[in-house]
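Thank you all for making time this morning. I would like to take you through one chain, from its overall make-up to a single residue, so please keep the picture in view as I talk.

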Amino acid sequence: MKSTKLIIILIAAIMAFSTLENYAQQKPNSTVKKETTLKKMYPHVSIAPIGGAIFPLTRQLRDEFKPGGLVGLDIGYRINKEISLQGNFSYVFMSSKLTGAPVGNYLEFSAGPRYFFMHPKLKSALFFEAGVGAYNFRQNSYVNAQDTNGSAIPQINNTKAGISGGLGVSLSLSEAIDILVKTNYHNVFTPNGSQGFMTVNGGLEFRFR
């Protein structure tokens with residue numbers, strides 16, 4: 001009887017020890033698995049076709065143009081979970097407030113860093129981004145309807161340096177696709193000061209590892 005109890009106690013002790021050993025092994029393994037998953041996620045390349053709206057903010061732009069639209073492409077290289085390098089190519093167009101005046105448009109080429117703020121338990125993230133680049137403004141020539149002499153306004157085609165900065169959110173849909181939504185303020189330097197406008201845009205971001 002005593003030997004039977006001893007065997008039962010011994011078996012229980014062995015089972016308890018095995019359980020503790022398995023738990024001790026699984027915990028580091030889960031950490032290693034998480035670290036391995038993160039290593040597989042970064043670095044990666046992302047491409048996001050985007051569309052949205054532009055809102056003139058500085059006086060000259062507000063006096064001459066109405067809010068318009070935007071289409072473009074956002075290209076990124078995600079270094080790790082916090083930092084990526086971004087390139088942005090956008091075509092921005094605005095209808096003129098002046099009678100008979102054609103559409104004005106910007107071609108934007110900019111690049112800069114994007115910093116992500118992520119919660120450990122969430123795949124989605126908030127981010128801040130900044131950029132510097134070139135802004136090419138174009139507007140075809142036209143006749144000023146308010147000028148009694150019927151004088152023609154010459155075509156405009158010039159490129160100026162500019163900076164931008166803004167906030168956004170990246171919402172995870174799957175392992176390879178996110179929804180990207182952001183708003184940016186753009187400041188284009190001119191000989192007489194600067195021109196500023198705000199863009200609000202979004203699109204689907206596709207990731208490639």
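Let me begin with a term: by a contact I mean heavy atoms within 4.5 Å. With that in hand, residues 24 or more positions apart account for 59% of the contacts in the chain with a separation of 6 or more.

Before going further, please bear in mind that this is a predicted model, in which local features need pLDDT of at least 70 and side-chain atom pairs count only at pLDDT 80 or more, while totals for chains, interfaces and linings use all residues. Residues are numbered from 1 along each chain as its sequence is written, and side-chain values use heavy atoms, with hydrogens and water left out.

On confidence, pLDDT is the predictor's own score for each residue, from 0 to 100; its mean over the chain is 84, and 78% of the residues reach 70 or more. Over residues 30–38, however, the pLDDT is below 50, and this stretch has zero contacts in the model beyond near neighbours in sequence. Residues 16–21 likewise stay under 50, and for them the model has zero contacts beyond four places in sequence. Where pLDDT is low, the predicted coordinates should not be read in detail.

Now to the fold, where helices (H or I, at least four residues) and strands (E, at least two) are DSSP runs, numbered from the N terminus. The chain has two helices and 10 strands, and from the N terminus on, its elements run α-β-α-β-β-β-β-β-β-β-β-β.

How are eight of the strands arranged? They close into a barrel in the order β1-β2-β3-β4-β5-β8-β9-β10, with antiparallel pairing, where two strands count as paired if DSSP finds at least two bridges between them. Neighbouring strands of this sheet are turned by 25 degrees against each other on average, direction ignored; the axes behind that value are lines fitted to C-alpha atoms, for helices over the stretch in contact, and angles run from 0 to 180 degrees between N-to-C directions.

Let us follow the pairing around β1. Strand β1, residues 44–56, is joined by 11 bridges to the antiparallel strand β2, residues 68–78; Gly 51 has Val 71 in β2 as its bridge partner, and Gly 52 stands opposite Leu 70 in β2.

Turning to another partner of β1, we find strand β10, residues 193–208, paired with β1 in the antiparallel sense over 10 bridges, with Ser 46 bridged to Arg 207 in β10. Strand β9, residues 177–190, is antiparallel to β10 over 14 bridges; Asn 187 stands opposite Gly 196 in β10, and a hairpin of two residues joins β9 to β10.

Not counting residues up to four places away in sequence, His 44 touches Gly 76, Tyr 77, Arg 78, Arg 207, Phe 208 and Arg 209. For the chain as a whole, buried residues make up 30% of the 209 residues.

Notes: Buried means under 20% relative accessible area, exposed over 50%, partly exposed in between (1.4 Å probe, protein chains only).
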